[in-house]
Each structure stands twice: as C-alpha cells, then as structure tokens.
Amino acid sequence: MEIQLWRTILCPYELAVEELKIKFEHLIVEHRENDLYSPIEQVSGRVKSVTSILEKMQRKQIPMEKMEEDVEDIAGVRIICQFEEDIDTVANIIRERTDMEIKSEKNYLTHIKQSGYRSFHLIVYYTVQTIHGPKRLQVEIQIRTMAMNFWATVEHSLQYKYKGEMPPHVAERLSRASDAILALDREMSTVRNEIMDAQNSSQMQTNLVKDILNNIENLYRVSSEREVLKIQNEFLRVFKTGDLRQLERFHRQLDIIAEGYRAQAVYQEQYRGHS
C-alpha cells in the first residue's frame with residue numbers, strides 16, 4: 001500500500017483520538033469546577049503505527065480489505081483512574097453517552113489474563129467529520145488504575161524485547177508483580193473515602209480562592225484602592241488559617257460587598273446619564 005494511502009486511512013483515526021481525549025479531559029474539568037471528585041485522573045491516546053497494524057494483520061491473518069473492520073484498536077484511548085472502583089464508574093459514563101456506541105466489552109479485572117494483565121476494555125463506534133463526510137470508525141478505550149498502568153507498561157516493553165517469547169523466570173516475576181499490584185489497589189481502596197474527601201476539600205479551596213481573587217480584581221474598577229487593599233489583607237488573613245469554613249464565609253461576604261459596589265456603580269452611571 002502506498003504511503004499516501006496509509007496517511008489517508010489513518011487521518012480520521014487521529015482526529016477521533018484527539019476529539020475523545022478532549023471530551024474525557026473536559027469531564028475532569030467539569031467535575032473539579034463543580035467541587036466533585038473526578039473518577040478520571042489522566043487521559044492519553046494513540047493511533048497504531050503502520051508497522052504494528054501490519055504485524056497484527058499478519059498474526060491474525062486479516063486481509064487488507066478487512067483491516068478497518070477486524071483491527072479494532074487502530075485508534076486507542078487510555079483512561080487512568082486512581083481507584084479500581086472508579087473503573088466501573090467511568091465505564092458507566094461511557095455507556096450513557098450518545099456520541100459513541102459500545103460494540104463490545106472485555107473485563108480483564110474479573111478475568112485476569114494469564115500474564116497478570118488487568119484492565120477494562122471497550123470497543124466503541126465513534127463518528128468523525130471529514131472532508132469526505134462523516135466516517136464511523138472503531139476506537140478501543142482502556143480503563144485502568146495507575147498501578148495497573150505501571151505494570152502494563154513494563155509488561156509491554158518486555159513483550160517487545162522478547163518478541164512474545166518471554167523467558168519463564170521473567171514471566172514468573174511479572175506474575176508476582178501483578179499480584180502485588182492487585183494487593184496495592186485493594187489497599188488503596190480501603191482509604192478511598194479519606195483520599196476523596198481530602199482531594200475534594202483541596203479542589204473546593206482552589207475554586208474559592210479563584211473566585212475571591214476575581215472578585216477582588218473586579219473591585220479595583222468600582223471601589224477605592226484603600227478599600228480593596230483592606231479586603232485583600234483580610235483575605236490573606238483568612239487564607240493563612242487554612243480553615244475552609246472561614247474561607248467560604250469570607251467568599252459569601254465578599255460576594256455581597258462586590259454586588260453592592262456594582263449596584264452603586266450602575267446607579268452613578270445612570271445618574272450621570274440623566275444630568
């Protein structure tokens with residue numbers, strides 16, 4: 001196949017990966033801006049190289065005309081979660097979306113591969129808009145924890161090194177490492193609620209500080225510098241306490257003050273317009 005034709009074939013898959021990355025990353029932003037725990041920690045994606053596609057087709061005896069139908073993972077998106085419980089949450093989010101349709105699911109959490117590989121895979125149909133019109137294609141979405149991803153990355157490198165013929169002693173060590181990863185994920189699940197509470201509090205503080213600083217910046221336009229400096233010093237005092245309740249109270253009071261100054265500025269503008 002000509003190089004130019006490969007580029008034409010793979011271009012829509014590159015678009016699909018970029019669009020899906022943006023959509024899943026925006027879910028992280030939406031959760032955090034609404035002071036909610038995000039079940040998604042990181043998102044990455046890739047399009048298989050031509051070499052990898054050809055090797056898979058050769059291994060599975062897939063003819064060229066069936067490539068886009070039978071090679072389901074030309075486009076791949078990987079979603080990393082903090083906890084194993086989050087994997088099911090993310091899978092449910094994907095199931096409920098209207099911009100993608102699930103073709104199949106593979107649960108390697110309950111059916112761990114012999115190598116020790118653990119992850120949750122979905123093959124989805126996703127439509128991109130190209131200069132030739134809409135194109136419906138397949139994307140593999142892998143959902144796993146950070147610990148699972150660390151193991152899978154190492155295992156992939158070793159498989160590449162040994163070309164699928166991994167020595168028994170290396171395979172045994174990988175298997176023991178997989179057991180350790182499983183134990184780690186389970187141990188982390190026991191403190192999941194505490195970690196989530198801590199992260200939610202931290203995100204809430206970040207959002208409050210952002211709103212407060214925006215309000216203070218806007219006050220410079222409608223109030224005297226002296227008044228704004230007093231408010232700013234009070235904010236710094238409250239912030240140093242590290243007390244989230246005090247920060248929330250200050251935020252509410254500042255909203256009232258800022259609204260009062262804005263109303264006063266509007267009134268003065270209208271008064272000048274009539275005089």
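**From a loop to a cavity**

A: Ile131 counts as exposed because its relative accessibility is 81% (exposed means over 50% relative accessible area, with a 1.4 Å probe and protein chains only). The model is predicted, so local features need pLDDT of at least 70 and side-chain atom pairs pLDDT 80 or more, while totals for chains, interfaces and linings use all residues. Residues are numbered from 1 along each chain as its sequence is written, and side-chain values use heavy atoms, without hydrogens and water. Ile131 sits in the loop between β4 (120–130) and β5 (133–145); strands (E, at least two residues) and helices (H or I, at least four) are DSSP runs numbered from the N terminus.

The largest cavity contains about 40 Å³, a volume being the space filled by probe spheres set on points joined across faces, edges and corners. Its lining consists of Gly116, Tyr117, Arg118, Met148, Trp151, Ser178 and Ile181. Two or more lining residues come from each of α5 (146–162) and α6 (168–190).

The axis of α6 also comes within 4 Å of that of α7 (residues 192–222), crossing at roughly 65° (lines fitted to C-alpha atoms over the stretch in contact; angles run from 0 to 180 degrees between N-to-C directions). Met188, Ser189 and Thr190 of α6 meet Arg192, Glu194 and Ile195 of α7, contact meaning heavy atoms within 4.5 Å.

Notes: 1 Å grid on protein atoms, 1.4 Å probe; cavity = no way out; pocket = protein on both sides within 12 Å on 5 of 7 lines; lining within 4 Å. Buried < 20%, exposed > 50% of the residue type's maximum accessible area, 1.4 Å probe, protein only.
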